[in-house]
Amino acid sequence: MAQKPKKRGSKQRWLTADEQLARAKAVRGSAFEKFILANQDHSLLRPEEHNGDGIGYPLWLRVYYRKQHPDEPLAPAGPAGDYPEVLNRIQEWMQLNQELLPNPSAWLDVAKRTPKGGHRGD
């Protein structure tokens, strides 16, 4: 089925946290849900990462990666953009192990940090 062309001037939006939680099949109250909610700073991402850039990584995982690698360039390259392909495995592991055991606080503490230098702005 062909996609409808986007209207000129129509503004794309980021997926809401609720939409991201649903797509990730996050269990309500789980450490995984808290992790996703802690990684909603879309100002760390490229504008074209709204939804459907073909890379397939969820926004919350991209934000987490950007928090961990604030000095990485924001330039897409290759089939996974500028993200390492291991993020696929991290996402799978988190969906299967939603309490983020054995140390959920380590994941959540890092997820709540703001990168040095503050937010990326356009």
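This is a guided tour of the structure above, stop by stop, with something to select at each one.

**Before you start**

The model is predicted, so note the thresholds: local features need pLDDT of at least 70, side-chain atom pairs count only at pLDDT 80 or more, and totals for chains, interfaces and linings use all residues. Residues are numbered from 1 along each chain as its sequence is written, and side-chain values use heavy atoms, with hydrogens and water left out.

**Stop 1: helix H3**

Select residues 59-68, which make up helix H3. Helices here are DSSP runs (H or I, at least four residues), numbered from the N terminus. How many of the residues of H3 are buried? The count is 9 of its 10, where buried means under 20% relative accessible area, exposed means over 50%, and partly exposed lies in between (1.4 Å probe, protein chains only). Show the side chains of Leu59, Trp60, Leu61, Arg62, Val63, Tyr64, Tyr65, Arg66 and Lys67 to see the buried set. They pack against H1, H2, H4 and H5, with contact meaning heavy atoms within 4.5 Å.

**Stop 2: the nonpolar core**

Now colour the core. A nonpolar core is a set of buried Ala, Val, Leu, Ile, Met, Phe, Trp, Tyr and Cys residues joined through side-chain atoms within 4.5 Å. The largest one has 24 residues, and Phe35 and Trp60 have the most contacts inside it. Helices H1 (17-24), H2, H3, H4 and H5 each supply at least two residues, and H3 gives the most, with 6. In soluble globular proteins, nonpolar side chains tend to be buried together.

**Stop 3: phenylalanine 35**

Centre the view on phenylalanine 35, which is buried at 0% relative accessibility. Leaving out residues up to four places away in sequence, phenylalanine 35 touches Trp60, Tyr64, Met94, Leu100, Trp107, Leu108 and Ala111.

Next, pick out the aromatic rings. Rings of Phe, Tyr and Trp (its six-membered ring) pair if their centres lie within 6.5 Å; planes under 30 degrees apart are stacked, over 60 edge-to-face, and the rest tilted. The structure holds 8 such pairs.

Tyrosine 57 is buried at 5% relative accessible area, and tyrosine 83 is buried at 4%.

To finish this stop, highlight Phe32, Phe35, Trp60, Tyr64, Trp93 and Trp107 together: they form one aromatic cluster.

**Stop 4: helix H4**

Select residues 87-96 and look down the helix axis. Which residues of H4 are buried? They are Leu87, Gln91 and Met94. The buried residues of H4 pack against helix H2 (31-38), helix H3 (59-68) and helix H5 (104-112).

Step on to asparagine 97, in the loop between H4 and H5. Asparagine 97 is buried, with a relative accessible area of 18%. Its side chain reaches the backbone oxygen of leucine 101 at 3.0 Å.

**Stop 5: charged pairs**

Finally, go to glutamate 19 in helix H1, which is partly exposed at 27% relative accessible area. Its side chain reaches the backbone nitrogen of threonine 16 at 2.7 Å and also forms a salt bridge with arginine 13 (2.7 Å, N to O). A salt bridge is a side-chain nitrogen of Lys or Arg within 4 Å of a carboxyl oxygen of Asp or Glu, and by this rule there are 5.

Two others to select:

- Arginine 28 and glutamate 33, with the closest N and O atoms 3.6 Å apart; arginine 28 is exposed at 72%, whereas glutamate 33 is buried at 11%.
- Glutamate 48 and arginine 46, with the closest N and O atoms 3.0 Å apart; glutamate 48 is partly exposed at 45%, while arginine 46 is buried at 4%.

Note on methods:
Polar contact = N/O pair within 3.5 Å; in protein donor to acceptor, adjacent residues only side chain to side chain.
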